[in-house]
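User: I should like to learn how to read the features of a structural model, one at a time. Please give the general idea and then the case at hand.

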Amino acid sequence: MSNKEVKAALKSARDAIRNKEYKEALKHCKAVLKQEKNNYNAWVFIGLAAAELEQPDQAKGAYKKAIELEPNQLLAWQGLANLYEKPNQIDVKGDLADVYQKLLELYESGDKQKWCDVCNKLVELYHQEKKYLEAAETLQKLIRMKQEEGAEKAELHQLWKRMIQLLKDSTRNQDNKTGQLLLTAFEHALHSADTVPGEDHQNLYKDFIKCLSKFPHEVARLEKACDDMMAFYPTMSYPLEVLCLHFVQSGALSEKALHCFSRLLEMDANSGPGIIGFGIKCLKENKYKEAVKSLTEGLQKTNQCPAAWHYLAEAQMKIHEHRNAVLSCNQALEALGTPEGPNLRWKNLVLQMKAEILIKIADADAAEEAIKALEQIVDGSSDPVVSALRGQAYLNKGLMDQASKISQELLLSHPDLAEAHALEGFIHYSRKNYEGAEKSFLNAIERKAGTAEYHQYLGLTYWFMSDETKTDKGKALTQFLKAAKLDSYLGSAFCYLGNYYRDIAGDKSRARGCYKKAFELDETDEESGTAAVNLSVELGDMDTALSILNEVTEKARPGTAKWAWLHRGLYYLRTGQPSKAVADLQAALRADPKDSNCWESLGEAYLNRGSYSTALKSFRKASELNPGLVYSIYRAAALEQILGKYENAIATYQQILKKTENYVPALKG
């Protein structure tokens, strides 16, 4: 076949392809290849025809042969790209990306439009394959080309927005390079926005700030973006809210942070982040109740803020709302999820605080939960303060040996750690080794004088050590006063001050004030409440006694606050108000149905009201519960006599006289 015949055969093949006669085209190409086995065009036409005849392997082989012959010729690469783009081609995405890369290389110095088309295809392919970084870098090349070609600002803006869209999908698992590309894309998109200020520009800024807030190391960039957006949109609260939450999460309360909180509240008094910020400010100023109120309110509006939950738990712990503080710690841990980076620090802080609070609750279940919390602290085993807490939790659980082992190890490895000496003190105190406890707590106070708990326990040590240390003003009293001064919410310190003033100093008025304060701080403290009421009665101040009792009974759930119901019932009984006495004594019995004295008092109230049958039942119940209550048995006999049950009455009187021969009321009866 001559050169002329080869050209004619190739022309025939081209015409056959144009006429969709693909088998005919293959015949012409094969004829050419018999003569010229390295004919580039023949191999390209075979690839084209085979692709149309659904023979992809033959087509692929033909194109690859052509590429081998002429690697920098376009036709075979274009054909291979068209083949791989067909929907029936699977597992060729990687090969297609390589083909596009080669086409970009071949088009770069020539057809710019085709270069851009292939570039767009490659971007889309990488996106489908979730190769976000490669997609972004390719798109960046396209933008650079468009900039060199002098593209319109609006077209460039759309391309930057496309890059943002591409990379936003990858924020879950992005590396630093991808993140930086995304942030750069945002900055370019903002600078190329057409209408400023405008809705598109505003939404872009919001997305940019939202994105920046996910990058813990881009603090300066975040602050600048928020400041810039506030300059463009001074009435929008969004950038301020993000900035406030950023300051909350950072744990730093700078002047700028305080300014942001107050500025946000001026703009929107109901803003969750603003209210949270104000709550943290109150906490730092030791205004704990205001802090709890504001943080609780703020978190109702913005609840996914782990740091705010931590601050709320801290404020609740300061005012000894321990159960609520544990719940706040749990909310913080839930909001943190599985944290990394700075959030891991927050998780450790929350877990440690949760353990401290549970240890203060001081029961075995709470101790078990505290141990579990401490186990979750990353690198907690190397932290001596965490070890001391673990020792306290073991002690609360009754595991004295484990607690002692930790105490001994800490005193050897960290002899200057206050918590190590305090743990030793708690162990001595629980063993009633008061001399050892005194020494340990004095050592702890020497190293950390501002801890109320150490002074309180030293005071308790002196209280139980001996009558001498109990009555010595410089011992127990001094320590309780210091504890109360350091922690004005420490109810137990005020309770023991009350004990001191009542039992040692004989100052009923001051004792009553201390008990009242202790009870106001902890309404579950029956000892203080009862003492405050009794002293008020002794001091002739029934108004104060009743106001305490009324406050408790108003808040009490059914079956609780027996002591308050009982005291008020007895007061009504003494003051000739039997119906009120009956109601209160019944409420007391709902809390403790086996209190024989309470049943006796209820019988007396019914008797005074004239309800003889029910009075009789009450006295009988009292004597059943406690057969030694002679008065109840006598009252039952007297009521049987009143009700005309003479035989029963005589039998009951005789029963009393068997036990107590000279019991005059029974003899009279």
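User: How far apart are the end C-alpha atoms of residues 562–595, and what share of the span is helix?

Analyst: An annotated span may be read by its end-to-end distance together with its secondary structure. In this predicted model, the end C-alpha atoms of residues 562–595 are 10 Å apart, and the span is 79% helix and 0% strand. The unreviewed UniProt entry lists these residues under "repeat: TPR", along with residues 40–73 and 596–629. For residues 40–73, the end C-alpha atoms lie 9 Å apart, with 79% helix and 0% strand.

User: Which residues does the UniProt annotation "coiled-coil region" cover?

Analyst: The unreviewed entry assigns that annotation to residues 3–39. In the model, this span is 81% helix and 0% strand, and its end C-alpha atoms are separated by 11 Å.

User: Which salt bridge does R568 form, and where do its partners lie?

Analyst: R568 and D584 meet through their side chains at 2.5 Å, N to O. The pair links distant parts of the chain, 16 residues apart: R568 belongs to helix α32 (residues 562–574) and D584 to helix α33 (residues 578–591). Both R568 and D584 are buried.

User: How many salt bridges does the structure hold?

Analyst: The total is 33. One of them joins K177 and E137, with the closest N and O atoms 3.0 Å apart. That pair also links distant parts of the chain, K177 being in helix α10 and E137 in helix α8, 40 residues apart. E137 is partly exposed, with a relative accessible area of 28%. Another salt bridge connects E409 and K405 at 3.1 Å, N to O. Because E409 and K405 are four residues apart in helix α22 (residues 400–413), about one helical turn separates them. E409 is partly exposed at 43% relative accessible area.

User: Why does the end-to-end distance of helix α10 agree with its number of residues?

Analyst: Helix α10 comprises 16 residues (176–191), so at 1.5 Å a residue it should span 22 Å; its end C-alpha atoms are 23 Å apart, which agrees. Buried residues of α10 include T178, L182, F186 and L190. Among the elements that cover the buried residues of α10 are α8 (132–148), α9 (153–168), α11 (199–212) and α12 (219–232).

User: Is S328 buried or exposed, and which residues does S328 touch?

Analyst: Burial is read from relative accessibility, and contacts then show the surroundings. S328 is found in helix α18 (residues 322–336) and counts as buried because its relative accessibility is 4%, under the 20% cut-off. Leaving aside residues up to four places away in sequence, S328 touches W309, L312, A313 and Q316. S381, by contrast, lies in the loop between α20 (364–375) and α21 (384–396) and is exposed, with a relative accessible area of 65%.

Conventions:
Residues numbered from 1 in each chain as written. Predicted model: local features only at pLDDT ≥ 70, side-chain atom pairs only at ≥ 80, totals over all residues. Heavy atoms only, no water. Helix = DSSP H or I, 4+ residues; strand = E, 2+ residues; numbered from the N terminus. Expected span 1.5 Å × (residues − 1). Buried < 20%, exposed > 50% of the residue type's maximum accessible area, 1.4 Å probe, protein only. Contact = heavy atoms within 4.5 Å. UniProt positions renumbered as here; feature names shortened; annotations may be inferred. Salt bridge = Lys/Arg side-chain N within 4 Å of Asp/Glu carboxyl O.
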